Amino acid sequence: MAIKVYGFKFSSFCRSVLMTAKHLNIKVELVVTDPGQNQQFTSEFLALNPAHSLPTIDDNGFILWESRAIMAYLCNEYGGADCPLYPRDPQKRALIDRWLNFDATLMESSKAGFKQKLYTGVDPPADKVLAFKGHLKLMDQLIANNRYLTGANHVTIADLSLVSNLGNLVNADKDRTGIDMAEYPNIGRWYSGLTQELPYFQEINAIPQEERKTWVANSMGYLSKRCK
């Protein structure tokens, strides 16, 4: 039976879960739940997830939300004895967890750091932009010459989470985000390497520009609240 994934393709958090499932050859069914249309507030969805957050999964009655928790669960449940995406070795796993925690901090900072400008056209407070750039500078420094975030010789769920979450920033023109990604060459190299290496990346992450523009235009109420 396929795992139901409640979410939508415009969410980077949902796409990171879908990439994890694809990497592990797990069959999933995407149940489109569009927050731009307030579909996460239906009585049916709230019965599943009172936190009304996306993505949410239903694995034969086991309900879980928060993308990073879902990714870890999929590895633990379906990845075998020692899933390379999320190894059981405490130190290897700790490095992944550290990056996942950094990812959460970075994404919270990104709301005012660049998403407000990207989606609403409103320039964010200078101190918020400076703080976000500080996170990017640290990430660039930590990546250094590594091919993968943890320094391992293989991809982990930390890579899948961050490569999905940074897509809107890396691929948008700097005039629309206020962020010049050329200042962070290690991030650019790491991102480009993963997008070329992962055979499922384009399938899950490539969204036609016009389709994205239409969704943004129809979801401004939601985006205005989220980008503060």
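Reader: Why is K174 called partly exposed?
Author: Buried means under 20% relative accessible area, exposed means over 50%, and partly exposed is in between (1.4 Å probe, protein chains only). K174 has a relative accessible area of 46%, so partly exposed is the label. This is a predicted model, by the way: local features need pLDDT of at least 70, side-chain atom pairs count only at pLDDT 80 or more, and totals for chains, interfaces and linings use all residues. Side-chain values use heavy atoms, with hydrogens and water left out, and residues are numbered from 1 along each chain as its sequence is written.

Reader: What makes K174 and D180 a salt bridge?
Author: The term needs a side-chain nitrogen of Lys or Arg within 4 Å of a carboxyl oxygen of Asp or Glu. Here the closest N and O atoms are 3.8 Å apart, so the pair counts.

Reader: And why is D180 called partly exposed?
Author: Its relative accessibility is 26%, so D180 falls in that in-between class.

Reader: How do you know that E108 and K111 form a salt bridge?
Author: Their side chains meet at 3.2 Å, N to O, so they pass the cut-off. Both sit in helix α4, three residues apart, which means about one helical turn separates them.

Note on methods: Helix = DSSP H or I, 4+ residues; strand = E, 2+ residues; numbered from the N terminus.
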